Amino acid sequence: MRKEKLQIPSLDEHLVQMEIDKIVTAGITPKVTFLTYLKSMIQQVGMRHIFSDRLELGFLITVVAALLAMLIISPFQGQIQDIYGYIFLLSPILFMVLSVSTYLRKTQNNTYEVEMACKYNVYQIIACRMLLFSLLSVVLNTIAIAAVAMQFEGIHFLRAFLLSLTSLFVFSTLLLFALMRRRTSVIVVMTVIGWTFGNLLLQTVNVQVYNDFLLKLPTVVNAIVLLGMVFIYIRCVKKLIQFKQMEGVF
């Protein structure tokens, strides 16, 4: 019996290329952007779970807002240029209070180990909250600076506004950087203490030089510094939000 030869049909090159493209596309994980990742996290976790302590946060926001309001409306006995120093010192206060309370609450929670094993772990939730806290702080600071500028004629709104935001993002970046280097409650508290006493020390040692620096810093330079700090801050948030618990390091 004669063996029949196996006939292999010729392949369509276009069809082959299409199949190859399908295989490659299916095998490659698409790169997720930072904003897409944030949106996905908020949608999957839900704002109610991200801000499960809404009453506590609402109370802290109310206390800080009341404190700032009292400082604004209370009689000021010093010089107008001293106000810029207080703006630089106090601008991060809302972010400071909310972020520190969030970190201490999350890391000292009895469910810390369980939450670290979840798809979105403790540090990713903290990073998301800090990003939202910074936006809230920008809004509150803008209102506070506008109130100060209306109360004191010698205050230049644009300068005070840029100084306030620069202060906010300088502190926010320092806190995130310290948090990524040493993930302990001690380093977080030390960062807050260092910021507060560092500014007070500069004012105490030579308040004139301190105020002159804040007053004479060109607006353009201040804006460039602010943009640079915002860029670094976003990078720090991205690094923290992409944190995976692998060998205990970032």
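This is a tour of one protein chain, stop by stop, to follow in a viewer. The model is predicted.

**The whole chain**

Start with the whole chain shown as a cartoon. The chain has 12 helices and zero strands. Read from the N terminus on, the order of elements is α-α-α-α-α-α-α-α-α-α-α-α. Of the 250 residues in the chain, 38% are buried. Next, consider contacts with a separation of 6 or more: 81% of them join residues 24 or more positions apart.

**Helix 2 and tyrosine 37**

Select residues 34-45, which form helix 2. Tyrosine 37 lies in this helix. Is tyrosine 37 buried or partly exposed? Its relative accessibility is 22%, so tyrosine 37 counts as partly exposed; the cut-off for buried is under 20%. Tyrosine 37 and glutamine 242 are 205 residues apart in sequence, yet their C-alpha atoms are 9.3 Å apart in space.

**Helix 4 and valine 63**

Move on to residues 54-73, which make up helix 4, and pick out valine 63 there. Valine 63 has a relative accessible area of 40%, so it is partly exposed. Select leucine 94 as well: 31 residues separate it from valine 63 along the chain, and the two C-alpha atoms are separated by 9.5 Å.

**Helix 6**

Leucine 94 belongs to the next stop, where it is one of the buried residues of helix 6. Select residues 93-107 to show helix 6. From first C-alpha to last, this helix of 15 residues reaches 21 Å, close to the 21 Å expected at 1.5 Å a residue. How many of the residues of helix 6 are buried? The count is 12 of 15, and the helix is mostly covered. Among the buried residues are Ile93, Phe95, Met96, Ser99, Tyr103 and Lys106.

Select residues 122-151, which are helix 8. Valine 122 lies in this helix. With a relative accessible area of 0%, valine 122 is buried. Not counting residues up to four places away in sequence, valine 122 touches Lys106, Tyr112, Glu115 and Met116. Threonine 111 is 11 residues from valine 122 along the chain, and their C-alpha atoms are separated by 9.9 Å.

Now turn to the largest nonpolar core, which has 65 residues. Which of them touch the most other members? They are Phe95, Tyr123, Met130, Ile155 and Tyr233. Helix 8 gives this core its largest share, 14 residues. Select methionine 130 and show its surroundings. Leaving aside neighbours within four places in sequence, methionine 130 is in contact with Phe95, Ser99, Leu175, Leu176, Leu179 and Tyr233.

**Helix 9**

Select residues 157-181 for helix 9. Its 25 residues should span 36 Å at 1.5 Å a residue, and its end C-alpha atoms are 36 Å apart, which agrees. Helix 9 is mostly covered, with 19 of its 25 residues buried.

**Helix 12**

Select residues 219-241, which are helix 12. The 23 residues of helix 12 should span 33 Å at 1.5 Å a residue, and the distance between its end C-alpha atoms, 32 Å, agrees. Within this helix, the buried residues are Asn222, Leu226, Met229, Tyr233, Cys236, Val237, Leu240 and Ile241. What covers them? Show helix 2, helix 6, helix 8 and helix 9, which are included in the cover.

**The second largest pocket**

The last stop is the second largest pocket, which holds about 250 Å³ of space. To find it, select Phe88, Tyr210, Phe213, Leu214 and Leu217, which are the closest to its centre of the 13 residues that line it. Helix 9 (157-181), helix 10 (185-205), helix 11 (207-216) and helix 12 (219-241) each give two or more residues to the lining. Which helix provides the largest share of the lining? Helix 11 does, with four residues. Colour the lining by class to finish: nine residues are nonpolar, four are polar and none is charged.

Methods:
Residues numbered from 1 in each chain as written. Predicted model: local features only at pLDDT ≥ 70, side-chain atom pairs only at ≥ 80, totals over all residues. Heavy atoms only, no water. 1 Å grid on protein atoms, 1.4 Å probe; cavity = no way out; pocket = protein on both sides within 12 Å on 5 of 7 lines; lining within 4 Å. Points joined across faces, edges and corners; volume = space filled by probe spheres on them. Nonpolar A, V, L, I, M, F, W, Y, C, P; charged D, E, K, R; others polar. Core = buried A, V, L, I, M, F, W, Y, C linked by side-chain atoms within 4.5 Å. Buried < 20%, exposed > 50% of the residue type's maximum accessible area, 1.4 Å probe, protein only. Contact = heavy atoms within 4.5 Å. Expected span 1.5 Å × (residues − 1).
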